[in-house]
Amino acid sequence: MKKLSLLLVIVTAVVGIITACGTQGKKNRIGTANADVLVVAISADFPPYEYVEKNQYKGIDVEIAEAIGEKLGVEVQVKDMKFSTILGAVASGKVDVGISGISITELRKKQVDFSQAYTTTVQTIIVKEDSVIREASDLFRFGKYRRVGVQTGTTGDLYCTDDIELEGLGRVERYNEGEDAIKALVAGKIDCVVIDQEPAREFVKRNQGLKVLETAYAEEEYSVAIKKGNKRLTKHINQALEQLKNEGTIQKIVDKYINESKEED
């Protein structure tokens, strides 16, 4: 009986090892945390890149994430969270990637790895139509002390903190969502909002009396944020993006949302 019990223990242990190895192999096929699932963090307050419509996530980044999932042969699960928490979620492994209008910066590179860029954009400035701020350089005039609204954790926040607040040229007011910054601008609590170009156009469309300045604040590229050191997932994401670019899929997705938005103006 003792020999039989020992044999059962050995067999169980061997089966457990084989199963674990099989699961581990499947789990690490492309480097996602869970087998056959790509968990994507977005901040669904950033139209036309990500937003909620009829209880569904939509937008450029959402469709790009789904297209990546198709190329990788995995299910895409979207998690909505505040933009300022996305990189932390990626770095800690709570999500596999962040695809949410995330621009590459040297500071962010210390926290996460990035894929190749999948599209470009510019940081723009929203003001009231009768504003004395007529171009980007007006934000850097000594003695004017501008009150600038930004969404917390965005590159608009980073740029304005360095260029304006730390230089003593004005005060940066930070908001959890871009919409909150726009409300503050409409209410006269701030002088302008610095935010990405396409969301800026959407916000202006929804709020009378506002405009986007013709001169951009900065140019930048959007990329997929990936946990630092996860070379396998980075490789597969880059391969998927390359294929999607070559097929014209990414451009079609971008054009679908941006061209439709322009036609409605």
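## A briefing on strands, helices and rings

The model is a predicted one, in which local features need pLDDT of at least 70 and side-chain atom pairs count only at pLDDT 80 or more, while totals for chains, interfaces and linings use all residues. Residues are numbered from 1 along each chain as its sequence is written, and side-chain values use heavy atoms, with hydrogens and water left out.

The protein chain comes to 9 helices and 13 strands (DSSP runs numbered from the N terminus, with at least four residues of type H or I for a helix and at least two of type E for a strand). Of its 265 residues, 46% count as buried (buried means under 20% relative accessible area, exposed over 50%, and partly exposed in between, with a 1.4 Å probe and protein chains only). Among contacts with a separation of 6 or more in the protein chain, 74% are between residues 24 or more positions apart (a contact means heavy atoms within 4.5 Å).

**The open sheet around β1**

- Five strands make an open sheet with mixed pairing, in the order β4-β1-β5-β13-β6 (two strands pair if DSSP finds at least two bridges between them).
- Its edges are β4 (75-80) and β6 (112-114); each has a single partner strand, so one side of each is left without a neighbour in the sheet.
- Helix α3 (residues 83-92) packs on this sheet and touches β1, β5, β6 and β13 (225-227). The direction of α3 makes about 35 degrees with that of β13 (angles run from 0 to 180 degrees between N-to-C directions, and axes are lines fitted to C-alpha atoms, for helices over the stretch in contact).
- On one side, β1 runs parallel to β4, and 6 bridges join them.
- Strand β1 (residues 37-42) also pairs with β5 (residues 97-98) in the parallel sense, over 2 bridges. Here V40 stands opposite V97, and A41 stands opposite G98.
- How many of the residues of β1 are buried? The count is 6 of its 6 residues.
- Both faces of β1 are covered, with V37, V39 and A41 on one side and L38, V40 and I42 on the other. As background, side chains in a regular strand alternate between the two faces of the sheet.

**Strand β8 and its partners**

- β8 is mostly covered, with 5 of its 6 residues buried.
- Strand β9 (residues 170-175) runs parallel to β8 and is joined to it by 6 bridges. R146 has G170 of β9 as its bridge partner.
- The chain goes from β8 through α5 to β9, a right-handed β-α-β crossover (right-handed if, with the strands pointing away from the viewer, the path from the first strand over the helix to the second runs clockwise).
- Strand β10 (residues 192-196) is parallel to β8 as well, with 2 bridges between them; V148 stands opposite C192 there.
- Is D138 buried or exposed? D138 is buried, because its relative accessible area is 8%.
- Setting aside neighbours within four places in sequence, D138 is in contact with V132, I133 and R146.

**Helices**

- Helix α2 (residues 60-72) and helix α8 (residues 231-246) pack with their axes 9 Å apart, at an angle of about 110 degrees. That makes α2 roughly perpendicular to α8 (65 to 115 degrees; under 35 is roughly parallel, over 145 roughly antiparallel and the rest oblique).
- The α2 side of this contact consists of I64, A67, I68, K71 and L72, and the α8 side of H236, I237, A240, L241, Q243 and L244.
- Helix α7 (residues 197-206) has 7 of its 10 residues buried, so it is largely enclosed by the rest of the structure. The buried ones are E198, P199, A200, R201, E202, F203 and V204.

**Aromatic rings**

- There are 5 aromatic pairs in the structure (rings of Phe, Tyr and Trp, the last by its six-membered ring, pair if their centres lie within 6.5 Å; planes under 30 degrees apart count as stacked, over 60 as edge-to-face and the rest as tilted).
- The rings of Y159 and Y217 are stacked, because their centres are 6.1 Å apart and their planes lie at 15 degrees.
- This pair links distant parts of the chain, 58 residues apart: Y159 is in helix α5 (residues 155-165) and Y217 in the loop between β11 (210-212) and β12 (218-222).
- Y159 counts as partly exposed at 22% relative accessibility, whereas Y217 is buried with a relative accessible area of 13%.
- One aromatic cluster is formed by F46, Y49, Y118 and Y222.
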